[in-house]
There are 4 protein chains.
Amino acid sequence: MDFAYDARTERLRAELTDFLEQHVYPAEAVYAEQVAGAEDPWARPPVLAELKAAARRQGLWNLFLPDARYGAGLTNLQYAPLAELTGRSPHLAPEALNCAAPDTGNMELLAEFGTEAQRERWLRPLLSAEIRSAFCMTEPDVASSDATNIATRITRDGDHYVVNGRKWWSSGAMDPACRILVVMGRTDPSADRHRQQSMILVPRDTPGVTVRRGLHVFGYHDGPHGGHAEIDFDDVRVPVENLIGAEGAGFAIAQARLGPGRIHHCMRLIGMAERALELLCRRALDRVAFGRPIAEQGVVREWIAEARVRIEQSRLLVLKTAWLMDTVGNKGAHTEIQAIKIGTPAMAEWVIDKAIQAHGGAGVSQDTPLAALWAQARTLRLADGPDEVHRAALARRELRRHA
Amino acid sequence: MDFAYDARTERLRAELTDFLEQHVYPAEAVYAEQVAGAEDPWARPPVLAELKAAARRQGLWNLFLPDARYGAGLTNLQYAPLAELTGRSPHLAPEALNCAAPDTGNMELLAEFGTEAQRERWLRPLLSAEIRSAFCMTEPDVASSDATNIATRITRDGDHYVVNGRKWWSSGAMDPACRILVVMGRTDPSADRHRQQSMILVPRDTPGVTVRRGLHVFGYHDGPHGGHAEIDFDDVRVPVENLIGAEGAGFAIAQARLGPGRIHHCMRLIGMAERALELLCRRALDRVAFGRPIAEQGVVREWIAEARVRIEQSRLLVLKTAWLMDTVGNKGAHTEIQAIKIGTPAMAEWVIDKAIQAHGGAGVSQDTPLAALWAQARTLRLADGPDEVHRAALARRELRRHA
Amino acid sequence: MDFAYDARTERLRAELTDFLEQHVYPAEAVYAEQVAGAEDPWARPPVLAELKAAARRQGLWNLFLPDARYGAGLTNLQYAPLAELTGRSPHLAPEALNCAAPDTGNMELLAEFGTEAQRERWLRPLLSAEIRSAFCMTEPDVASSDATNIATRITRDGDHYVVNGRKWWSSGAMDPACRILVVMGRTDPSADRHRQQSMILVPRDTPGVTVRRGLHVFGYHDGPHGGHAEIDFDDVRVPVENLIGAEGAGFAIAQARLGPGRIHHCMRLIGMAERALELLCRRALDRVAFGRPIAEQGVVREWIAEARVRIEQSRLLVLKTAWLMDTVGNKGAHTEIQAIKIGTPAMAEWVIDKAIQAHGGAGVSQDTPLAALWAQARTLRLADGPDEVHRAALARRELRRHA
Amino acid sequence: MDFAYDARTERLRAELTDFLEQHVYPAEAVYAEQVAGAEDPWARPPVLAELKAAARRQGLWNLFLPDARYGAGLTNLQYAPLAELTGRSPHLAPEALNCAAPDTGNMELLAEFGTEAQRERWLRPLLSAEIRSAFCMTEPDVASSDATNIATRITRDGDHYVVNGRKWWSSGAMDPACRILVVMGRTDPSADRHRQQSMILVPRDTPGVTVRRGLHVFGYHDGPHGGHAEIDFDDVRVPVENLIGAEGAGFAIAQARLGPGRIHHCMRLIGMAERALELLCRRALDRVAFGRPIAEQGVVREWIAEARVRIEQSRLLVLKTAWLMDTVGNKGAHTEIQAIKIGTPAMAEWVIDKAIQAHGGAGVSQDTPLAALWAQARTLRLADGPDEVHRAALARRELRRHA
């Protein structure tokens, strides 16, 4: 259980810290300006392309991908502190490094379960950030935290599959560069609960695919990142070769995809909380109210101390989880993944809330990154399964030890 | 200490409930559509004008104004349950009834402290909703919760005052119909701490007034309500007749304005919480997860019960505060106003958060009013003085009893 | 919904406040000394008898009893602020006034459901505090929050009933002066769920009654108040005349008894919280740390302000509940009784916890009343039904409005 | 940063787990009985001596002492999981292993700072548990969290020092076997703030030492562990050789003593929380309410999951702190020691509270260890410096990074 950062990690951390300071933080204001001035809300601000080019030049690219054939080949423990750093500027840094969801999960999935042809056709351009992708799992009409609820149908018809259903929260799909959708649906409703689902690749321009609208997150449409789409699939036909893995393997593949996805979110949340704490401290030192800096007020100091304690505790549990995933596999780390999925968003939400409060009106506005950070942290208390579902599962496992 | 609703209140409640059901709730979707389709983000959606016309026809107009010469002449206790009802649809109902901040506060201020000429020129068109107004107090560069920090200067120059400074969070000022700004600034920096400030009327089209941009609240720009403006005042000259009250009376007038403003916010927050609880219950009954409605899950039931307890407690303290304001005046109710300013937004935030969680992705999106309600409740933990400032003041008074 | 204290209430409040200052607070140290020096842990400290004599002389006696034939004949709304005052010294004042549980509930029960003979035999000496009583409902082996779980059997045998079972948390039963037990048991297991139980009077010296031991509450055995007994009933025979009300009426009688019992607890909790807040303020003003009184520390001021807000909110809901009980009856006030049972102990626990923290080591010790107050408040989160049961019931009712 | 338990630790964990199961848990009921039946509240229950003998035979002795000349010579990281295990039965296991505060701290202090003669005279019998000791630092009249407040005077008079002052919370000093007091007092009030204090050995039977009374913790007097004494020092003369270290070194020695003391408390708190969670799970599985085990209720499952997450996070931070103390020393780990002192008691208090709630009346009584565990956890939120002091210090350090 050694969480120390090894030499490669330390080197990458130094490089990434430098990259953030040289490129990313200065780009935040540029990005905001480009977004504010954009005519098309779904257009990608040009500064993102510049950041990507810079990151790629420096070898800070595809760090998330453990498969060394395609990516950096880092372990989870090695990637954790790097992902944390990208969380400090979550609207720029992950994408700059080609390490942003949902592409990361889709690339992992293709690397692990894709055929050679699928990898050539879709993984390659994703790895070089030529195109983007979306993951279509959640549906508006059912509680998708219970994957067996999924209603979208994938029906075999000769050499094709026909997809029918409605998905939402397909993040990234509003992006004009988004070309491929990974869709989960039900192929065999009569099979075992966890063998009914399959996963299939649907090019976004396939007839019958209608991107209906973008969903907002506390007022943010997240347009510059491709938004969050609601998509209709109406008799959408794709060749059978587009199936990922076997028929009935959809649930297992989704699970495999979600584990790393969840820990990546948690890693970044640590960084988001660190950024918020830093902003809180700076504000507390700068802002004078009633004759003295608010840093001298007991309440603000309580927030700062409590934030530090919570961040440290959360980081250690995330690192332990990463270490477990590396040593006993994602399945063996299932409990810990659930634990961090419960604990980390709530921690980050708390820290960011305090930073907002210390900033007054600026805290809820576009003048600090805090409100947007908050919206992301809050959303992660329900995305990828709401806390309540994870807590129930974790408790069941705990109870089993005493039954 | 009789909080019972009298006959007039009950009649108005019935009429207003009916109005909400007949006009306001059905207009919510229309409003959303008009906002989404608008080219000018600061344009007022046409449905608002229709609602206003309907409300005015039914006599549901200017209910907030206790001065019977200009408004409905209701006491605070009579207005409380009505304002609560408008809080159920806070983006439509208050404005439909011409009871929306900041116009309400500005109208009260003009009715109480304005000259006959000022009332004729500005109060009259505000009462009939022909124009709108903004209140320019908060400044970006100082902790405005301490009003003595205010840096904007108002300097006498012959028959004019010259205003210089920067304000922000001037809500409503982005609205093309906004014609008049109530500006607080410092006239005499050498006077006693609370006698340095004055309040002055500045027509929005006065040379030197530059509305720089709209501030966001989380992702919302609140454009359809005139947004939240940052405004520069650069050698802005207005005639001396534009002063409200006497030189040096600015702080006292601001205090007089803020008391009712705060309780109105709290009244509406009760309604917002009730709306959220209603949505939570309905969702809990409708949504099935893991084989049964989530209403049967213990955790959701805890939320519902706890929400009910907190709402009841908050409402009673708001009603007591209203009753105190009616009987001993706003100053005598100062402690209670602070108490509800501390307690009510936090209560509403908590209830709305739980409703969001029960709705999953829909809860943070534009498909329910919850995310927007939440942003408003959260913001009220820092607007009109952050909780920490009110708590410190309340504690000082409590401690004084034992000193 | 008029919560104002009427003239009689105000007069009694003044008298009671005076009585607390003249007699009760000074007696606290005497009481502590007598308890510490007592050989018999279950002996009643002599100072209690003196207080009772004084209270009775002043007419501050049996204030809790709404039936004017036997007690003060106060409404719930009239009694509420008086019970609150007794809560300021909960180990002395309620008993001094003969207003302490469980005797109060037992007296109410006898006044309302007892026969003339039962009242003569048991109610009369309870009213004059010659004897004490216990209420035997909770059982160690079943979740007694679900009254239908009760396993104790009451079997008719000719002119007698025979009682068999084990009870615990029979508060007061360790007191040598405790003469009568009100026992709930099952007479007809085949009847409807809520018609199976009956209530019967069992003199404490009846053969077969074995008081096994006293239960502790966070280390306190509460000996001076008769402790909390575990009692075996082993073929205990009592004449049929000892039945209270009809066979099968036990559940209904218990419900009737619990409503007032719960609100009395809540009323006193308000007083306990007020006492704790007063101690907190005084400590904060007196105690110097790091060069200044802790009253000047922001954190302590937050506690004080937050405590004041929570106390005010809780008191209003308790008063509303009392008013409802007076106007629509205990059944009509059921929801509100549950609401205050959920909200008030948690509020008091929070306030007392902060007062403890401000006192450091003294706060957990016998040198302040705080630790004992805390233990009582905490216990009320589970006594008379744990919060979770009340919340579930309250939620069900809330949900029903939207079903 | 390797937290894995090494071979020696694993072996000791297995032995200690076995020892708990074979000896300690079965002794809990015996201990309770002996305490209940004891005539002298300060007498040590005989079962403790038996446990000690057994532990010593098995080599589970003085594990806490890193100095291999006197104790087990374990690192903090090695000791942490063992101390955690003893926390599962905190009234028996630590003492059984001669690893109970305050003797542990006093032994460390003598081993590190004592003269050969002091070690021979006092350390030796403490190591073999022949005698016990107390640590006299806190004073009733000053905020002792600020050590410079300490008012007790230690005045040189020829070959003697004369001690005058009053101490309290001298845990263990009521024990008849307690022979030696480690007293902190002020030798030079004119020196620098942190050079005014000295530490001196005062045999408990020295004339002028008066043990006045035992303090309670909630209702517990902790008599079987020597209680918590208030002690008067009235012209108490001891030879100069009794000084520990140099004059003026008292503050530094106290700091050196408190670091390990605090982490030991935190280690045991983890074990206390684990024990509580285990009891909570078992109760949840066993207890049936409203027709099903409470383990199937969502609320109870939330508690269990949340408890697991919090325990894991806390343990990791404690382990990291232990590792830091081992690698960079106690001073280098100062921030982390404060962080765990803030986080761990609050975590344990929360978990134990939930376990109490699930147990109903049994939870607050002597029938489970929970109420006593709770009282200990709660007290640690203020003992050895209240949370607020640690938070303020931690925040100052955090702020300094951004100044």
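1. Helices H8 and H9 of chain D cross in a left-handed manner; a crossing is left-handed if the near helix is turned anticlockwise from the far one by less than a right angle, and right-handed if clockwise. Helices here are DSSP runs (H or I, at least four residues), numbered from the N terminus. The packing angle of H8(D) and H9(D) is about 155 degrees, and their axes are 9 Å apart. Axes are lines fitted to C-alpha atoms, for helices over the stretch in contact, and angles run from 0 to 180 degrees between N-to-C directions. H8(D) and H9(D) are therefore roughly antiparallel to each other, a term for angles over 145 degrees, while those under 35 count as roughly parallel.

2. The model is predicted: local features need pLDDT of at least 70, side-chain atom pairs count only at pLDDT 80 or more, and totals for chains, interfaces and linings use all residues. Residues are numbered from 1 along each chain as its sequence is written, and chains are lettered from A and ligands numbered from 1 in the order in which they are written.

3. In chain A, helix H1 (residues 7-37) packs with helix H3 (residues 76-87) at an angle of about 10 degrees, with their axes 9 Å apart. H1(A) and H3(A) are therefore roughly parallel to each other. The contact residues comprise 6 nonpolar, 3 polar and 2 charged. Ala, Val, Leu, Ile, Met, Phe, Trp, Tyr, Cys and Pro count as nonpolar, Asp, Glu, Lys and Arg as charged, and the others, Gly among them, as polar.

4. Between chains D and A, the contact involves 35 residues from chain D and 35 residues from chain A. On the chain D side, H8(D) provides the largest share, 14 residues. That side consists of 19 nonpolar, 5 polar and 11 charged residues.

5. Chain C touches chain A through 4 residues, which meet 4 residues of chain A.

Key. Contact = placed C-beta atoms within 7 Å. Helix = DSSP H or I, 4+ residues; strand = E, 2+ residues; numbered from the N terminus. Parallel < 35°, antiparallel > 145°, perpendicular 65-115°, else oblique.
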